[in-house]
Amino acid sequence: MLPPKLSQHQHAELVAIRRLKAAGYAVEGWDFNTSLYVVGRIEAPNTNHEKSQFWSFPTWQAAASALLG
């Protein structure tokens, strides 16, 4: 990628991360085994009814698009 295009891509990724965090998702990071980014959500933490879900996506933008619409 050329520097201006890379800068635009990085900005879009950071915006997607902020949107996910604002919606209550945990941005877990990059899984080097699958080369995918991992997003999680924990409902009712620290209770007996705690439920967690995790998803993998090729980019943070794809994660925000799929989970937030």
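What share of the contacts in the protein with a separation of 6 or more comes from residues 24 or more positions apart? I looked this up and found 31%, a contact being heavy atoms within 4.5 Å.

I note that this is a predicted model, in which local features need pLDDT of at least 70 and side-chain atom pairs count only at pLDDT 80 or more, while totals for chains, interfaces and linings use all residues. Residues are numbered from 1 along each chain as its sequence is written, and side-chain values use heavy atoms, with hydrogens and water left out.

I then read the order of elements as α-β-β-β-α, with helices (DSSP H or I, at least four residues) and strands (E, at least two) numbered from the N terminus.

Next I looked up aromatic pairs (ring centres of Phe, Tyr or the six-membered ring of Trp within 6.5 Å; planes under 30 degrees apart are stacked, over 60 edge-to-face, the rest tilted). I found two. Tyr25 and Trp55 are edge-to-face, because their centres lie 5.8 Å apart and their planes stand at 70 degrees. Tyr25 belongs to the loop between α1 (3-22) and β1 (26-31), and Trp55 to strand β3 (residues 51-57), 30 residues apart. Tyr25 is buried at 12% relative accessible area, whereas Trp55 is partly exposed at 25% (buried is under 20%, exposed over 50%, partly exposed in between, with a 1.4 Å probe and protein chains only).

The rings of Tyr37 and Trp60 are tilted, with centres 4.8 Å apart and planes at 50 degrees. Tyr37 is in strand β2 (residues 36-43) and Trp60 in helix α2 (residues 60-68). I recorded Trp60 as buried, at 7%.
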